[in-house]
Amino acid sequence: MAMDEYECDEKVHVAVGKSLKKAATLLQWCFTHFRKAQICLLHVYQPSTMIPTLLGKLPASQASPEVVSAYRIEEREETKRLLEKYLSFCRAAKVKASSVIGEADQVQKGIVDLVKVHNIRKLVIGAIPENGMKVKRDSSKANYAAKNAPPFCEIWFVCKGKHIWTREASETPRSLSSSAQPETTRSSVQSEIIEAEATFSSKSSSCNSHGSPQHSAGWYLDTHSEFEEETIDSQLIEAQRETEAATDKALAELLKSKRLEVKAIEAMTKVKLFESAHAQEVKLRKEAEDMLKATIQEQQMFLEEKEEIASELERTLRSISLLDSQAHETNNKRDEAANELSLIQASISNLQHEKQQIRRQKMEALHWLERWKSCGQVGADHCNGVIAFAEEFPELAEFSLLDLQNATCNFSESFKIREGGYGSIYKGEMLGRTVAIRKLHPHNMQGSTEFYQEVQVLGSLQHPHLLTLLGVCPEAWSLVYEYLPNGSLQDYLSRKSSLLPLTWNIRARWIAEIATALCFLHSSKPETIIHGGLKLETVLLDSALSCKICEFGFSRLVKEESLYLPSFRFSTEPEGSVTYTDPEYRRTGVLTPKSDIYSFGLIILQLLTGRTPVGLAGEVRRAVSCGELSSILDSSAGEWNSTAATRLVELGLQCCQLNSRDRPELTPSLVRELKQLHVSEEQSVPSFFLCPIFQEIMHDPQVAADGFTYEGKAISEWLENGHETSPMTNLKLSHLLLTPNHALRLAIQGWLCKS
């Protein structure tokens, strides 16, 4: 016997499915390896969960029972036809075969249940190999049979005509009672008939094992069995045909009833639609009648309004006629006013010409007085003062009271900026620019000669961080300064006009600039200049946010007896100034450079903490002694540099010492140290700060129609040269208008301040 042929006289069951190709390969292997065994085809019919209906495929639970029953009959007949093909294949191979059909919701479970019910000892099943020895886990039927089949069943696993594994039987089968049979497995009538056919074959085999007399009986039984099988087959085929005809008839009746049902539903739907349309038509007719009545009423109202509008139009036309006559009169008066304005402008021009002549005559008179003085004829003190003023102020402009009145609308309250201790400050327009005019209180001023001398000293002071004196009006005791639009440090610190965050770098730079200006004043020769009123309000900011100290040297202009009166500063200075005043000066009445140092210390502490100066020095000392310096630093300034913050707090507290001897002096070395505190690493210029045309930092960023931002001068020249395309995309611009980019301008200014 060959190695691949198995000695087996018993019945071998072969599990076949719906695939004819796979089943043919499996049967061919069985024909080759089980030549002496009887072949029994084992098939499990799995009812479909979806039932085809007129409305499409529906779950079996949702379809009608008649349709499900008819479809189940058709499925079973299809299963029988499939098994008939397998049996025909066996007959063609001259192999006697029978079949067993079971029904189950799960094929693998149905196979195992059939093994248990029929005590199947030999089973061949198709499988997918994993490693040549075991069944692949994904092959659910074979894997389930290997794990759950009774141990008395020997199972061969075959893949593509090759034997891959055999599960050996481990015990003999036990007889199973009818009550132990699974409920889920049902054997059909055909299975019983074919089993009987298998019994005849078994008896025939046992007869062949005895002598020749019994051989003829076995042949008779085989012939009789074949005859009965053919009879049963013909009966089954006839029953199948009758069943198919009945099924077709039932389906036809079912379809007919469904069609009638659908037509009835459609008819009912049409009736409902007709009733709804009729009701809607009645409703629309009533609405149309109501709308017609409303329209007639509105038309009547419109006619009445038309009459009112006609009368109103007539009155309006009369008013227009009257207004035309008034406009004609107004135009005549405007022409007369224009003529008068021309005369006034001519008069002003003549006055300016006369004023120039008067100034020229004045200069000639001064030269005559100078020659007269050289001859020994000296005039009065007032004339000497005028001569000295004219000789010593070649760089300062001299203004008359009329000039100042014209610049400030006669010192109007609307032009007043604020009221100071030494006088009032006004905003005016003169010299083709905006200026600040300080009008001093005459009762606190010195004589005219002393006033000229002190103005001479103040006019000679030129420093980047001191407010520039442009001119003087002796007649009105007034000084004309440059105007700074960004207000004072107090305004920025209180967020009145701050548009940018006050970072610690900006505050440290302001402290260094104030120190530079004070050092310059205290080092002036031949006399030291003492500010005497330094505070946040007297430190102004120019357009580049640089500090400029104002009101410096005013103590030189005030009468000495007024300056040293204890009540002078309290009565003339605004509220809050006393806080900045040196306590030693209030006690002794002696103003020294150390008085400015005390005020400077309070400014340092205010810029560091953002708090008011009242009791600030004591509060900072307590925080430093407790090691809580960071708790009092102004968080809005960002993350402070610890070294710079510590040094500035230390300097501020030293400057605020009550005893002037304990306060430091502002030396050039100290000023250099303060300048180094705010110097940060040089930053690279962000690309979007650069003009795409000039490739320089933009000062007037303008947005064009292409969405790009350019320097205003660059894009204006581009458009003025006749270009109508974008410098960046070369596409035609939709318009030639420019829009200021305020957000980018503020960002650039902030970056420049930090840098």
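Visitor: Which residues are buried in helix H17?
Guide: In helix H17, which spans residues 616–625, the buried residues are Leu616, Ala617, Val620 and Ala623. Buried means under 20% relative accessible area, exposed over 50%, and partly exposed in between, with a 1.4 Å probe and protein chains only. Helices (H or I, at least four residues) and strands (E, at least two) are DSSP runs, numbered from the N terminus.

Visitor: Where do they lie around the axis of H17?
Guide: They are on the same side of H17, because they cover an arc of only 130° around the axis. The arc is that of the directions from the helix axis to the C-beta atoms. As a general point, an α-helix has 3.6 residues a turn, so residues three or four places apart point the same way.

Visitor: And which residues are exposed on the other side of H17?
Guide: Arg622 and Ser625 are exposed there.

Visitor: What do the buried residues of H17 pack against?
Guide: They pack against three helices: H16 (593–609), H18 (629–632) and H19 (642–655). Contact here means heavy atoms within 4.5 Å.

Visitor: Before we go on, what kind of model is this?
Guide: This is a predicted model, in which local features need pLDDT of at least 70 and side-chain atom pairs count only at pLDDT 80 or more, while totals for chains, interfaces and linings use all residues. Residues are numbered from 1 along each chain as its sequence is written, and side-chain values use heavy atoms, with hydrogens and water left out.

Visitor: Back to H19, then. What does Arg647 touch?
Guide: Arg647, a residue of helix H19, touches Leu670, Glu673 and Leu677, not counting residues up to four places away in sequence. The C-alpha atoms of Arg647 and Leu677 are separated by 8.7 Å, although the two residues are 30 apart along the chain.

Visitor: Changing topic: how many disulfides are there?
Guide: The search of the whole structure finds 0 disulfides, a disulfide being a pair of cysteine sulfur atoms within 2.5 Å.

Visitor: What about the backbone: what is the phi of Lys94?
Guide: The phi of Lys94 is near 60°, a positive value in a residue other than glycine. Most residues other than glycine have a negative phi. Lys94 is found in the loop between helix H2 (65–92) and strand E5 (97–103).

Visitor: Is Lys94 buried or exposed?
Guide: Lys94 is exposed, with a relative accessible area of 79%.

Visitor: And what about Glu551?
Guide: Glu551 also has a positive phi, of about 60°, although it is not a glycine. Glu551 is in the loop between strand E17 (547–549) and helix H12 (560–563), and counts as buried at 8% relative accessibility.
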